[in-house]
Amino acid sequence: MSAALTAPELPAETARRRTFAIIAHPDAGKTTLTEKLLLYAGMIRTAGMVKNRKTGRMATSDWMAMEQERGISITASAMQFEYKGCIINVLDTPGHQDFSEDTYRTLTAADSAIMVLDASKGVETQTRKLFAACKLRGVPVLTFINKCDLPGRDPLELMTEVEEVLGIQASAMNWPVGSGKEFRGVVDRRTGDLLAFRRTAAGGAQRAELERVPLSAARAGEILGPELAAKLRTDLEMLQIAGNEFTREDFLAGRITPVFFGSALTNFGIEPFYDAFVELAPSPSARQATRLDGTAVTIDPLTAPFSAYAFKIQANMDPRHRDSLAFVRIVSGRFERDLVVKHYHRGEFVRELRLSRPQTMVARDRTTLDVAYPGDVVGLVNAGFAIGDTILAQAGPAKDGFEHAPLPQFPPEVFARIQPADLTKRKSFDKGMLQLASEGAVQVLRSWDNPTGDPFIAAVGRLQFEVLVYRLRDEYGVETELSELPFQCSAWLVGDVETFKPTHGSMLARDHRGKPVVLFPGEWDKRYCAGQNPQHSFRDIL
Ligand code: G4P
């Protein structure tokens, strides 16, 4: 009997899971919005304490205190807690200067995403990139337009920008009434109620006080005043005529994004937003996988045996332990301690192993986890996994197993040449590069014409280079020399390599699978090169 069938609570536990990531440009309010979810979930009593504003990082001690007090489980990769009967898994998508391939990969573990926009800025660069990664995989995205308590851009203009820049239909679920100091609340378009907010002495530290009145009621007129009421009427009429109709089916298919307005700092519109989120966002559903013979198979979270894949590896997180943690996302079945699983790597069975030390990381102190369900993230210590590996608790021969779809690679934006400073250290250097490349720390490219020469490294963010240099020194005892290369973008080449004509400033390389990649000084050069090679095409993301 499969492990899944022995767990009668599996359907209900799976149905109440919401595993999501927040995508945002730095400063749009991702941290504040996350914190407010904790506030409304009753996990913290006061908001405004979890982030060290100077470093821009969560204050570890605060997280630890919260964890101990309220039973929030925090890993370096996800945070889990309960909100109104649902189990929420918030995946951590590193932003700011930590933006890297990890950020993208984490999105593959999410079933939905919340996109936070700053009402005065609209769609910014990092949001655009992250949204593109969601779109690629058809991840449903909810939009939260934040900072409505500050003077911002016209809401209709923001909706149009979402549609035009991101190529997705937008449908307003609520509508802001006034902006800046005059921000009075939002109208819930489904019920036609005005949700009026009252500013309290506690500001955003405590839950917002909210008054719900039908728009047609005299009280609504009192709250709004004649001017705001007239503007609101016009806006709502316009939305009625020109707006997109929202259907959950279109949302789940990634065709439409429901848009909510609010202010995370003052808590205006937060609770209605999160209530709508748990209602609309999908629970873990079936995913496509591949059998070892290459045929496709659909993995249902409830009927398939336990399976999961590694989407992030973090080594040497704790200097006292000197170890590596693989974060796996459960796709199907019930996870429990001491489960015996088969481990698959790039289409091949590797070994069978017992998961005796599954862990969730709680700040720096670890707690051991006993059971988990589809959608959950589990940290496995020193398990020898590479990014993208699958584990599977299926009885029978290993050849009958399957692998979850490989994680996509994302186009690097920074490039460098790297070599050991001391050439006698080449052996350790090669060993370190091999290991770190398999962890996905950086992508390793070689010259097309000289594949045995020094490697080039490519990454989404510069921080990945710094980490690489540090780890080669710290873990492999190798000092390196790194020189950045004048490329800004790259693409996989589709077509005959022999007849490809590189243009001035571009370079042909091969990736770790031997596939041809072209590096360009900029987007303009890439377009020019495409024009010069009409028999070839470029593919950004595999
Ligand atoms: P991030 O994680 O996306 O980078 O953004 P974060 O939540 O840290 O918010 C960035 C800044 O924007 C913070 O201000 C935060 O207080 C502010 N902010 C977030 N949401 C809102 C909102 O709804 N309204 C207003 N007015 N501000 C908001 P800061 O100056 O960096 O920190 P602090 O001085 O407020 O502590």
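Before I start, a word on the basis: because the model is predicted, local features need pLDDT of at least 70 and side-chain atom pairs count only at pLDDT 80 or more, while totals for chains, interfaces and linings use all residues. Residues are numbered from 1 along each chain as its sequence is written, and side-chain values use heavy atoms, with hydrogens and water left out.

Let me begin with the rings. A search of the whole structure finds 15 aromatic pairs, where rings of Phe, Tyr and Trp (its six-membered ring) pair if their centres lie within 6.5 Å, and planes under 30 degrees apart count as stacked, over 60 as edge-to-face and the rest as tilted. One of these is the stacked pair of Phe-197 and Phe-268, with 4.7 Å centre to centre and 10° between the planes. This pair links distant parts of the chain, 71 residues apart, with Phe-197 in strand β12 (residues 193-198) and Phe-268 in the loop between β14 (256-261) and α9 (270-280); helices (H or I, at least four residues) and strands (E, at least two) are DSSP runs, numbered from the N terminus. Both Phe-197 and Phe-268 are buried, buried being under 20% relative accessible area, exposed over 50%, and partly exposed in between (1.4 Å probe, protein chains only).

Elsewhere, one aromatic cluster is formed by Tyr-83, Phe-144, Phe-260, Phe-273 and Tyr-274.

Now to the backbone. Asn-267, in the loop between β14 and α9, has a positive phi near 75° although this residue is not glycine, and Asn-267 counts as buried because its relative accessibility is 1%. Arg-346 also has a positive phi, of about 45°, without being a glycine; Arg-346 lies in the loop between β20 (339-345) and β21 (348-355), and counts as exposed because its relative accessibility is 59%.

Finally, the helices. The axes of α4 (residues 101-108) and α5 (residues 125-136) come within 9 Å and cross at roughly 35°, axes being lines fitted to C-alpha atoms, for helices over the stretch in contact, with angles from 0 to 180 degrees between N-to-C directions. Which residues of α4 meet α5? They are Thr-103, Tyr-104 and Leu-107, and they meet Lys-129, Leu-130, Ala-133 and Cys-134 in α5, contact meaning heavy atoms within 4.5 Å.
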